[in-house]
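Me: Please go through the structure shown below with me, one question at a time.

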Protein chains: 4
Amino acid sequence: MQNKSKINVGVVGATGYTGLELVKMLIKHPFFHLTYIANSEGGTTINKLHPSLNGVCEDVVQKADIDTMALTCKLVFLALPHKTAMAYVKPLLEKGVKVVDLSADYRLPQDIYEAFYCPHTDAKNLEHVVYGLPELNREAIKSAKLVANPGCFPTSAILGLLPFMDKRIENTPIIIDAKTGVSGAGKKLSEVTHFVNVNDNLFAYNPLLHRHAPEIADKLNVSFDEVSFVPHLVPVNRGMISSIYIQVSGDFDALDVVKEFYKNDVHVRVSASPVDMKNVAGTNFCDIYAQRKGKMLFISSSIDNLMRGASSQAVVNANLMMGFDETTAIPDIAYVP
Amino acid sequence: MQNKSKINVGVVGATGYTGLELVKMLIKHPFFHLTYIANSEGGTTINKLHPSLNGVCEDVVQKADIDTMALTCKLVFLALPHKTAMAYVKPLLEKGVKVVDLSADYRLPQDIYEAFYCPHTDAKNLEHVVYGLPELNREAIKSAKLVANPGCFPTSAILGLLPFMDKRIENTPIIIDAKTGVSGAGKKLSEVTHFVNVNDNLFAYNPLLHRHAPEIADKLNVSFDEVSFVPHLVPVNRGMISSIYIQVSGDFDALDVVKEFYKNDVHVRVSASPVDMKNVAGTNFCDIYAQRKGKMLFISSSIDNLMRGASSQAVVNANLMMGFDETTAIPDIAYVP
Amino acid sequence: MQNKSKINVGVVGATGYTGLELVKMLIKHPFFHLTYIANSEGGTTINKLHPSLNGVCEDVVQKADIDTMALTCKLVFLALPHKTAMAYVKPLLEKGVKVVDLSADYRLPQDIYEAFYCPHTDAKNLEHVVYGLPELNREAIKSAKLVANPGCFPTSAILGLLPFMDKRIENTPIIIDAKTGVSGAGKKLSEVTHFVNVNDNLFAYNPLLHRHAPEIADKLNVSFDEVSFVPHLVPVNRGMISSIYIQVSGDFDALDVVKEFYKNDVHVRVSASPVDMKNVAGTNFCDIYAQRKGKMLFISSSIDNLMRGASSQAVVNANLMMGFDETTAIPDIAYVP
Amino acid sequence: MQNKSKINVGVVGATGYTGLELVKMLIKHPFFHLTYIANSEGGTTINKLHPSLNGVCEDVVQKADIDTMALTCKLVFLALPHKTAMAYVKPLLEKGVKVVDLSADYRLPQDIYEAFYCPHTDAKNLEHVVYGLPELNREAIKSAKLVANPGCFPTSAILGLLPFMDKRIENTPIIIDAKTGVSGAGKKLSEVTHFVNVNDNLFAYNPLLHRHAPEIADKLNVSFDEVSFVPHLVPVNRGMISSIYIQVSGDFDALDVVKEFYKNDVHVRVSASPVDMKNVAGTNFCDIYAQRKGKMLFISSSIDNLMRGASSQAVVNANLMMGFDETTAIPDIAYVP
């Protein structure tokens, strides 16, 4: 079913949580028409994969096929694992389809990517990709053909740090103690996500060595050595808070700095008290609090890992790429209580 | 700020969870304009009461005053405790304001109400009030001036039972084992809602004697003695499932009966497997599953206690009272995952 | 390491939750010596399987072998899946080893077992097995060589129902609406136990058809048709409550009936208000509450699914089989708060 | 009821969670006899305050009275708020009763105490009090008459830091990002502990300014300015993890350093992978993990906030003060799963 007055878009990778979130927004979007939904097997409908969509959206899910995408869509969201994604990006761009890639494949310079992930097979498109953090690259996103949607941890950490990078004392550590809900680990079954192991529990994982650390360092223009990043899994479905510690100099009011920095950014809110996870759950907001004690600055930055950390940020990017207001169809009503 | 092309409405009782849910829907409603928000003290803004609304809605919250309501609104939602509500209903109706009352004050005949609650001071309006379960009373709601919005437990229990009442063996018990999330107990502090007492725990409360039992009996036209209703508190924020057991006769397919009964009701979904809480969280859907073993019929009926069990059902009722499609501005995208 | 003054016992199936609970009690037991721990692979230690035992018990876990068991143990606890268990029971009994079997293999008469599970290959030992519910069969357990440890749901349901079976109106339904924590589903990975699917959620499973229903019916001497049993999964690690509804006649005080019935049973407690899960978590207690409205009797019966529903009841049985006080080494301090 | 062969002890402040934990251990203690239980009102029994103790301990709870304590007990545990505690300590010591004080009243030098708490009215006893962290002060505790039981956060932070203080680069920040379960906030009702506000949520509180920061600094012999401490509330009943970040120099294996440092301390366990909360819940263990990246050292230190963070550490101290093995009656079996 074509819809003449809207722009046709597609979602590849509809099985996972980020695929679901994309579909939830796109079926309500006034200017996009979701004409194509795919996963690796096809042969089903979106409500069979996600029964909460029963009676709301029962569209067919196809087996992912690049030619069909190119025929059906002007823009495609790729909600795929890294390495899988780049195999789609190259041909799609060649066929003139714009891409918002939610994987890690185009977020990093080739050398860093290959050090932390795997060999890169599409170096050419790395040259012009835009890192899709609107507060950092809004203008470039508007004219991009390929946007690399940021990782969830980098989004929360970078948004918290950006206002203070020029106040930071050089060569002092950037410490990011992050807490994430379990949906960030995806639907894959593992001991780590078994209810009994997570409920009433909490633990760090991949301390200091997580692959989002080089992404944070790269976008902040600091070295990997300067960033100490430790994620923790918490018994929460969705939500992500980065508790950030840096050393700063100069005389300033921490909250005023954040307010001034983001005065034109509708999706960042400054909070007068420490942020929580619920107030941003289900939305694209990043809530930021900051407080200082001597040289030490504590920043608390909260996002929904599936929304601002993935899918709603992807739709913001698509809005910008297609010339729409960036808030179009972006949820601002939180899952509270 | 008046909005000429929309109908002005008000919310009284903005502090609680149901007040928040009403506001969340009404600020997105295409035909209603939320011109009046009040609680018992006033002197604040809605985002101070509910910080998730920062940057989304920062409207003033006034001290509740009937004259101001009457000047400002064509319809008022009362999200107040029982007994408090009826003191507003009477003068509002006299001043020509339509009312959706979310309290228990107008749900029951006077004698039953007074047996389970307190003396009733507005018997006159009890004569024409309409019980606001659209699947039961849609046509009457359309012309009502006063709608009594159903209780949360009655909504889930009655919707589950209605399709089977003519198949039930007379004089056999109707057993409703209900499970509710903690938001149903409201924001009031009590030992029962202290995190440490609820987390990793579960218990029944008010077994057989809860005040929602006579409401269920009354609307199903059975005696209070025939209904055995036991609610349980579960460690969940929002959600409500009624597990219902009745004895039936005749030859029928249980799911087909539900499908046929609700074939014209967009907010009831029939499920091929036992329902859960998440798939309806944040929406007005009631999901129903049913299964039979001999004479025994098991029905599982799930709603969001704050939405279908209170606020979204209230907006559906207001939509009908004002001549709009009942789905207008009613959320259908669940809080999943 | 032999311990001359103690009775040597073994645990087969040390990987799972019930295996862990057995080990936790047996290493503190004053009269038993845990000389043998096994699972299907061996080649590890118990603290590698269960890191909470680091520094507490680091015993070797062997590959399960019947000859070694017989040489090493006077009594063996089998914490194995059904069907696997009976292959061990037969040779162990032949070699003179007493067995407490935590599986379903010896809980039911052969015909019922085969209708709900699989063909039975050890009919001979079914003839003399004792169903290990101490409140029902204490004397028989004392002289048993093989005890079938009851299922978790049957334990909670039967203990709640026993005091009232002579007051029940004949041929009226026995309705058991049960709620269980997730550890009851074991360590196996499945969508059903993924944190994101269970947290803030609740659902029924196998309604009316669960394999514990025939066990309940058999031990209560009623027909399978009379029992309507529906389990629900709740977002809790451990705990199980059966909410039971039966019709009764005669004049009695419900709590007094329970008190009188269990006056000699130290592991059943009568509660003056509805029971919860936490107060019995980690213990062998069954807490029971009952309340009546006319003919309808509501019974709420709470146990820890891994303890009274499996492992601590197994140790009680072993205590009785070996002539010790049944409370020996049985935890009575709950996991509260 | 006196018990000739045991030492009589008392618990004052039996209403709260730490009071409950003390009672749970003391009624199982082979050498202590719990002869005296009190709270501020008296007139009840311990199982009425904590129904999990029904049938286990139903001792009378008296109104706290110093003369009765002195007559009845050789040692008293004070589980009272700060300021209240010191009013008991002074007279008890004068009457020859030994005291383990779980409040903050004797943990700090007078000037620091008064800067963060309130005026101190018992300066004299501050001179000889021993800070009850056994790994730091074991010998002094053995001969102490008054032991100040450490705060929960300081316990977890100090135990994690102690092995590395001589490797830390001077004047670099000590960053402690702590996560605590809700029982740490006590039984008092507040919005912060309402289930709906904590469940599926997480937030920092009192960032950089919490009163446990000066306690940490004092015991580590660093200035308050050097310590940046931010606690976070997590949706967990019990458990506490300190994620610690310091800069170090020299060549060493982080885990080996911890192992060597605590080689004689049975209640500290070194973990080869990041620690979690469950493996220590219900025990006196502190589990520690450490990992290095260049100059940055990450330490993860986990305790049960009510046990090692309060009550079991208090009983360890009492064991030492009375000449018993410090492990006597100290739980080592975790609440897992």
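Me: Which side chain of chain A does D:Asp177 meet in a salt bridge?
Reply: This is a predicted model, in which local features need pLDDT of at least 70, side-chain atom pairs count only at pLDDT 80 or more, and totals for chains, interfaces and linings use all residues. Residues are numbered from 1 along each chain as written, chains are lettered from A in the order written, and side-chain values use heavy atoms without hydrogens or water. A salt bridge here is a side-chain nitrogen of Lys or Arg within 4 Å of a carboxyl oxygen of Asp or Glu. At 2.8 Å, N to O, the partner of D:Asp177 is A:Lys179.

Me: How much area do chain D and chain A bury between them?
Reply: Contact, meaning heavy atoms within 4.5 Å, joins 41 residues of chain D to 41 residues of chain A. The buried area is the accessible area (1.4 Å probe) lost on putting the two parts together, summed over both. Of this area 65% lies on carbon and sulfur atoms, and the total is about 3,500 Å².

Me: At what angle do helix 7 and helix 12 of chain C pack?
Reply: Helices are DSSP runs (H or I, at least four residues), numbered from the N terminus, and the axes are lines fitted to C-alpha atoms over the stretch in contact, with angles from 0 to 180 degrees between N-to-C directions. Helix 7 (residues 134-142) and helix 12 (residues 311-321) of chain C have their axes 8 Å apart, at an angle of about 35°.

Conventions:
Helices (H or I, at least four residues) and strands (E, at least two) are DSSP runs, numbered from the N terminus.
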